[in-house]
Amino acid sequence: MSRQGPTDRRPVEDADVCVVGSGPAGAVVADALAGRGRQVVVLEAGERYTTQDRFRRMEQWLRADISRNVFWLDEERDRYRSSGDVFARLNEVRAKGVGGSSLLWNGNTPRLHPKDFEMGARYGIAPDWPISYDDLRPYYAAAEREVGVSGSIDNPHGPPREEPFPMSAFPPSYSDSLFAEACERLGIGLGSQPKAIASQPYRERPECDGWGVCNTCPIGAKYSSEEHVNRAERRGATVIDRAQVLEVFHDDTGDQVDHVVYATPDGETHRQTADAFVLAAGGIETPRLLLLSDSPQYPDGLANSSGAVGRYLMDHAEVEVRAELPDEHTWQNNIGFVTSRSDQFYEPAEATPGTFTLVFHNRAGPSPGRSMGKEPTFNALRAVVTERDPEAVFDLLEDPFNAVRLGDDLLEGVDASGTHTLGIRSVIEVLPRAENHVTLDRSTTDNHGRPIPDVSLDYGEHERRTFERAESVAREVMDEVGARVTSVGGFGDQTMGSHHMGTTRMGEDPATSVVDANCRTHDLRNLWVASSSVFPTSGAMNPTLTIVALSLRLAEDVDATL
């Protein structure tokens with residue numbers, strides 16, 4: 001068991017490994033190494049949340065007058081600057097706390113495809129990864145078990161696999177069936193969307209109960225890396241929350257990290273030493289921390305002899321096509337927003353237009369209970385309640401599935417226009433470019449007087465042409481369904497999402513990359529990076545499963561060096 005209580009934020013003596021960050025990457029690394037008998041300490045900048053916080057966050061999420069990010073990031077601590085054409089809305093899409101980004105994610109867990117690892121060899125427009133899909137494949141299977149993925153081997157254009165998913169896929173919704181019929185006529189293959197949401201009881205997680213607020217799942221059916229944090233603690237790891245790492249220091253030789261300095265809420269700073277260090281603070285804060293940790297040996301930032309730290313920032317572009325089916329209800333159900341997808345356009349014959357996927361929305365809201373049928377949706381009922389009496393939403397939360405208690409007048413008053421809607425989102429690959437970057441804005445500082453991150457991201461011709469192709473396909477599907485397109489998220493309207501990749505990329509050549517194939521930095525022999533920041537290319541898939549797979553592989557390398 002961990003030796004420290006919840007308010008004991010002193011350094012751990014004789015630590016083998018110090019992990020910075022407790023999101024999926026850091027938590028998985030900590031758990032894997034603690035399971036191998038290593039003395040692990042995890043430093044997390046955010047606070048630790050309780051089980052009771054789940055319902056509080058859900059209530060806040062449901063209220064239209066409250067920000068969508070219910071983790072209340074610190075105004076001073078989490079300052080940033082967005083200097084690119086694509087607005088970096090960081091504090092809308094990230095969470096700081098024990099669990100990291102998994103506190104706020106949707107649970108989508110597809111794998112990358114083989115071609116994502118071979119963009120140089122196949123197309124000549126981006127670097128190859130120093131590892132292949134086959135190298136990562138057993139770790140993908142292990143990652144699916146670790147985070148508990150529900151899915152089915154039914155994707156005709158998915159990456160190769162024979163391994164079964166840990167749980168069966170969620171059944172398609174009624175609106176999925178409308179898309180499936182149209183896509184079949186167009187020759188577009190569909191498959192189920194892998195989800196890190198329990199379709200049946202899994203380990204300590206209950207079966208999904210269809211609340212439809214997946215970002216803030218109130219019952220814990222969706223995976224959160226709190227699971228791995230808790231297991232790591234049971235195995236002897238120490239987790240220190242509200243421990244903001246300020247800088248990383250190397251020894252006199254410059255060959256390895258000696259310690260990190262972190263600040264605690266009482267205004268104190270502490271030095272944490274260890275034999276090995278793993279930075280798992282995400283695609284923005286990880287490069288920022290390295291840039292802040294400059295020294296005479298590393299004047300441009302720690303582990304930055306290549307100049308690649310903070311460079312090659314990527315985040316998926318998206319096309320959002322929405323439509324109405326005036327003469328038919330779609331009665332969508334919300335199990336993490338997506339239950340069906342298509343990878344038909346994932347491996348194009350030519351480099352440009354590039355890769356994109358289609359995911360079919362279920363955003364009108366969940367039906368009461370677990371049924372996937374055609375009942376009035378809970379979100380539709382909630383909309384009426386909040387319009388009449390904003391505080392009544394909390395009464396509805398007391399017993400959300402008892403429509404009788406709410407009264408026939410409420411049911412009659414439901415505006416069902418939302419149940420005619422359809423949506424298709426296309427996720428588009430973004431190429432790595434050196435000019436897209438995270439740098440330091442020295443004109444503005446955070447709560448400890450450190451320069452804030454300056455995030456700059458623009459899209460190019462490759463993304464524009466892929467965007468146009470994806471929009472064309474989505475419109476064709478909507479036409480085949482018989483739906484009228486009502487809006488399209490335009491190329492010039494893009495904002496950054498939460499998939500921050502590439503800023504400490506991996507590669508074989510230390511002159512052009514930050515970490516090697518095992519995610520160990522080229523410059524310092526006891527420093528690793530666990531994050532989507534190591535991705536050389538973005539693909540068009542949600543990155544979390546790949547992050548976990550790489551983290552499991554990284555943990556093996558750390559253990560082998562100790």
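Trainee: Which backbone oxygen lies 2.8 Å from a polar atom of the side chain of Arg9?

Mentor: This is a predicted model, in which local features need pLDDT of at least 70, side-chain atom pairs count only at pLDDT 80 or more, and totals for chains, interfaces and linings use all residues. Residues are numbered from 1 along each chain as its sequence is written, and side-chain values use heavy atoms, with hydrogens and water left out. Arg9 is found in the segment before strand 1 (17–20). The oxygen at 2.8 Å from its side chain belongs to Asp241.

Trainee: Is Arg9 buried or exposed?

Mentor: Buried means under 20% relative accessible area, exposed over 50% and partly exposed in between, with a 1.4 Å probe and protein chains only. The relative accessible area of Arg9 is 16%, so Arg9 is buried.

Trainee: How is helix 6 oriented to helix 13?

Mentor: Helix 6 (residues 174–186) and helix 13 pack with their axes 9 Å apart, at an angle of about 110°. Angles of 65 to 115 degrees count as roughly perpendicular, under 35 as roughly parallel, over 145 as roughly antiparallel and the rest as oblique. Helix 6 is therefore, relative to helix 13, roughly perpendicular.

Trainee: Which residues of helix 13 meet helix 6?

Mentor: Contact means heavy atoms within 4.5 Å. From helix 6, the residues involved are Leu178, Phe179, Ala182, Cys183, Arg185 and Leu186. Their partners in helix 13 are Glu476, Val477, Met478, Glu480 and Val481.

Note on methods:
Axes are lines fitted to C-alpha atoms, for helices over the stretch in contact, and angles run from 0 to 180 degrees between N-to-C directions. Helices (H or I, at least four residues) and strands (E, at least two) are DSSP runs, numbered from the N terminus. A polar contact is a pair of N or O atoms within 3.5 Å; within protein, one must be able to donate a hydrogen and the other to accept it, and residues adjacent in sequence count only if both atoms are side-chain atoms.
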